[in-house]
2 protein chains.
Amino acid sequence: MADEQGCVSPLELFNCIAAQGERVKTLKAGQALKDEVDCAVKILQSLKMSYRAAVGEDYKADCPPGSLAPGGDSGPGTTEAEEDFVDPWTVQTSSAKGIDYDKLIVRFGSSKIDKELINRIEKATGQRPHRFLRRGIFFSHRDMNQVLDAYENKKPFYLYTGRGPSSEAMHVGHLIPFIFTKWLQDVFNVPLVIQMTDDEKYLWKDLTLDQAYGYAVENAKDIIACGFDINKTFIFSDLDYMGSSTGFYKNVVKIQKHVTFNQVKGIFGFTDSDSIGKISFPAIQAAPSFSNSFPHIFGDKTDIQCLIPCAIDQDPYFRMTRDVAPRIGYPKPALLHSTFFPALQGAQTKMSASDPNSSIFLIDTAKQIKTKVNKHAFSGGRDTIEEHRQFGGNCDVDVSFMYLTFFLEDDDKLEQIRKDYSSGAMLTGELKKELIEVLQPLIAEHQARRKEVTDEIVKEFMTPRKLSYDHQ
Amino acid sequence: MADEQGCVSPLELFNCIAAQGERVKTLKAGQALKDEVDCAVKILQSLKMSYRAAVGEDYKADCPPGSLAPGGDSGPGTTEAEEDFVDPWTVQTSSAKGIDYDKLIVRFGSSKIDKELINRIEKATGQRPHRFLRRGIFFSHRDMNQVLDAYENKKPFYLYTGRGPSSEAMHVGHLIPFIFTKWLQDVFNVPLVIQMTDDEKYLWKDLTLDQAYGYAVENAKDIIACGFDINKTFIFSDLDYMGSSTGFYKNVVKIQKHVTFNQVKGIFGFTDSDSIGKISFPAIQAAPSFSNSFPHIFGDKTDIQCLIPCAIDQDPYFRMTRDVAPRIGYPKPALLHSTFFPALQGAQTKMSASDPNSSIFLIDTAKQIKTKVNKHAFSGGRDTIEEHRQFGGNCDVDVSFMYLTFFLEDDDKLEQIRKDYSSGAMLTGELKKELIEVLQPLIAEHQARRKEVTDEIVKEFMTPRKLSYDHQ
């Protein structure tokens, strides 16, 4: 109901239904002709149907369309935390601290990654937990204990993650799931499949097929530069792999048989004006969760557990996948969810490939990094040095500090910075300098590794082939 | 808007919009509060949107929703012929003469295959027109003159037809498009692609993927037995070919980007409770209409004209295809439409693979054919021999006579039978004997040819490969 002339928003519909309900009451109570009453009732019914179509649930008199509805107006009385909005295309919060992740866990019905689980991962792998685990950057999971059960019983599992290649420009935030997935591959020694959803980007954006595929290949180079093991990693473009796999389309169509439009409407907020490509796409992101989508790796085995590290905004796809899995005889994929990487301008703003100052990009020079951090990184510092010395800075909203939690490996040093900045002992310029000194070598090293990624190496990563892994 | 409690029919919506329009006028003209007018306008907009969603086109004040809406209630005043219902899954008529095809041409907006077009085909090919053309069995077309223009200018075109493999059991009616397509291939000497929509059957029926694929292969044998040239014919299962073609999925996703749920709802009558597989399937039947779906045959050429011979119930897929084609830079496919093959029990009844007596099946023995025709073929004869001799039989409803129009090659003999049966000179038993004598050798010869179709031959037909054809 959104992109046509004369459109009516869910809240307007809600108000119309209330008004029309009153009108029906008045007409019934008065001397109105039967035809007039009938018509008013039909209008009321039609409005309620439109409301259900637009909002995904039935009209309730005391319950205006909430902030959960994609793009919906938030009615009066919604609280701050409820205004966070998270789906695969939009992440919105009005808080400079970012999304309230504890509330998101409750809303999505996932589980918190707690100390106990982190300890169990450490025990199972014999490795120190990655800083993303230690610091709550991967903060939520589904069925991770089941993956560890399998691992401890020497049963195989595999990793699946992905990227939507919407442009050539990747920023450091895009690396978060890949940095973590590489660590998981290393410590568990398992095969990994990486889906490049070039078909999705073609469907959603104003791109040609060739452009979308070109971005997939370019982005694959940055992903490979994260250090994945070529013998254990298969990267695929949907546009390519759909036409070269005996297993992928079969799983796509299996999933598509078991998901209705009503369901994807409820989960993703699709409307009747959306293309049938968008409507059916969720099955394509779901399919790699099942091992027989990769016959060259897993043969016809359908029961190999999948573990998906991803940002939490991708969870709707996998909630759908987990709902379908038992109905088509497959195990549910397990998940590890990360928080979002904040834009330089603050956690409540949006990173954008078309705004080079909204993040640190993987092609930035040392000088650009320095300028961007100094000029654009939102600061939790005070207005004057005097005030800062007296009251201290606010790490909770300071983007430079947030970036350090992502990239500074040394826990003690990070804690010292937090203390010093909060107390006012450390000034904003000094904090930014710390970040610049972390980011400059990180990006430079990435660029050096990416230069080593030849077309032949990309081609090998992207060729369907047998992968070597221990638990076979 | 159909399958929920408190539903509102398109006609009711139409009337509500009219009433609400009046109300808005009255409110605007009177002393109503601005809020009240605004709300009434919003309600009017919402109703119009619902109307468009339900009917597939905009509300027009003087034009109530017509009989075109699939499954729509036929209002008072609809005539008998308007009650014919034709879509890819349902063909319904209450007339023993079958569907009113002239009305269908008007309703679908196609063109009649007239004497002039048949003459042009004869002139272009130098061959006597097939009996299906001479007798109006292929009765309707889209852009056939364009195909002939291309042919006469030595430009290449190709044929595309298909089958939904819902069971192993094929009956003689299923052969109609293939018999005609073989003739087209012979007289025009062009390549042919045959789509087995095993994915469709999996999505619509209670079948496993393996069953649907198995039926596709079995049905392919019967199709091959029609005599197609192995050097000019590619038969493919969707489940198979999607995973082995570099071009097919790309066209599917292109089409899927350019068709909305609103559109397939309007064309095919899908509802929100349908699976996303069904909703997106029309793109899969559309894609073979474009030559670059077959890179092994046509390379990356996108401009080779496609001609689709099919039963008219498949036209909705190709109306959609023709609508999309110019928007993705491809030529519209041309079509040749056939009438439906009647069930033994009469043109208003339904053939069914689960009722062996509803048609002549390709595995029937000579004895079964004789028994079925004698016992089950609906007769246009009179109740007693005396009455029949006096008043004559009715060929228009006699299924044996209808079958003869499909399968008896000799025009003069057919006309003689028509005259004799209509006059009463020929009795029902004699008419049935004529049919039995046509069907028995036809089926026996089919069975003999099918026996020659080895697994290797099927495999070759179904292997993506270069085809030889003249106009390259």
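Between chain A and chain B, 22 residue pairs, both members at pLDDT 80 or more, are in polar contact, a polar contact being a pair of N or O atoms within 3.5 Å in which, within protein, one must be able to donate a hydrogen and the other to accept it, with residues adjacent in sequence counted only if both atoms are side-chain atoms. The model is a predicted one, in which local features need pLDDT of at least 70 and side-chain atom pairs count only at pLDDT 80 or more, whereas totals for chains, interfaces and linings use all residues. Residues are numbered from 1 along each chain as its sequence is written, chains are lettered from A and ligands numbered from 1 in the order in which they are written, and side-chain values use heavy atoms, with hydrogens and water left out.

On the side of chain A that touches chain B, at least two residues each come from helices H1 (10-29), H2 (34-55), H8 (198-204), H10 (238-241), H11 (248-257), H12 (261-268), H13 (276-280) and H14 (282-286) of chain A, where helices (H or I, at least four residues) and strands (E, at least two) are DSSP runs numbered from the N terminus. The most is given by H2(A), with 9 residues. By class, this side of chain A has 25 nonpolar, 17 polar and 14 charged residues; Ala, Val, Leu, Ile, Met, Phe, Trp, Tyr, Cys and Pro count as nonpolar, Asp, Glu, Lys and Arg as charged, and the others, Gly among them, as polar.

In terms of contact (heavy atoms within 4.5 Å), 56 residues of chain A meet 59 residues of chain B. The area buried between the two chains, that is, the accessible area (1.4 Å probe) that two parts lose on being put together, summed over both, is about 4,800 Å², and carbon and sulfur atoms give 64% of it. Within chain A, the residues that lose the most area to chain B are Tyr249(A), Lys257(A) and Ile276(A), together 16% of what that side buries.

Lys265(A) and Asp272(B) meet through their side chains in a salt bridge, at 2.4 Å from N to O. Within chain A, Asp222(A) forms a salt bridge with Arg450(A), with 2.9 Å between the closest N and O atoms. This pair links distant parts of the chain, 228 residues apart, Asp222(A) lying in helix H9 (residues 209-224) and Arg450(A) in helix H21 (residues 428-451) of chain A.

Chain A also contains an open sheet of 7 strands, in the order E3-E4-E9-E8-E5-E6-E7 and with mixed pairing, two strands being paired if DSSP finds at least two bridges between them. Its edge strands, E3 (111-112) and E7 (233-237) of chain A, each pair on one side only. E3(A) runs antiparallel to strand E4 (residues 138-142) of chain A and is joined to that strand by 2 bridges, and the bridge partner of Lys112(A) in E4(A) is Ser140(A). Helix H3 (residues 101-108) of chain A lies across E3 and E4, running at about 10 degrees to E4(A); axes are lines fitted to C-alpha atoms, for helices over the stretch in contact, and angles run from 0 to 180 degrees between N-to-C directions.

Key: Salt bridge = Lys/Arg side-chain N within 4 Å of Asp/Glu carboxyl O.
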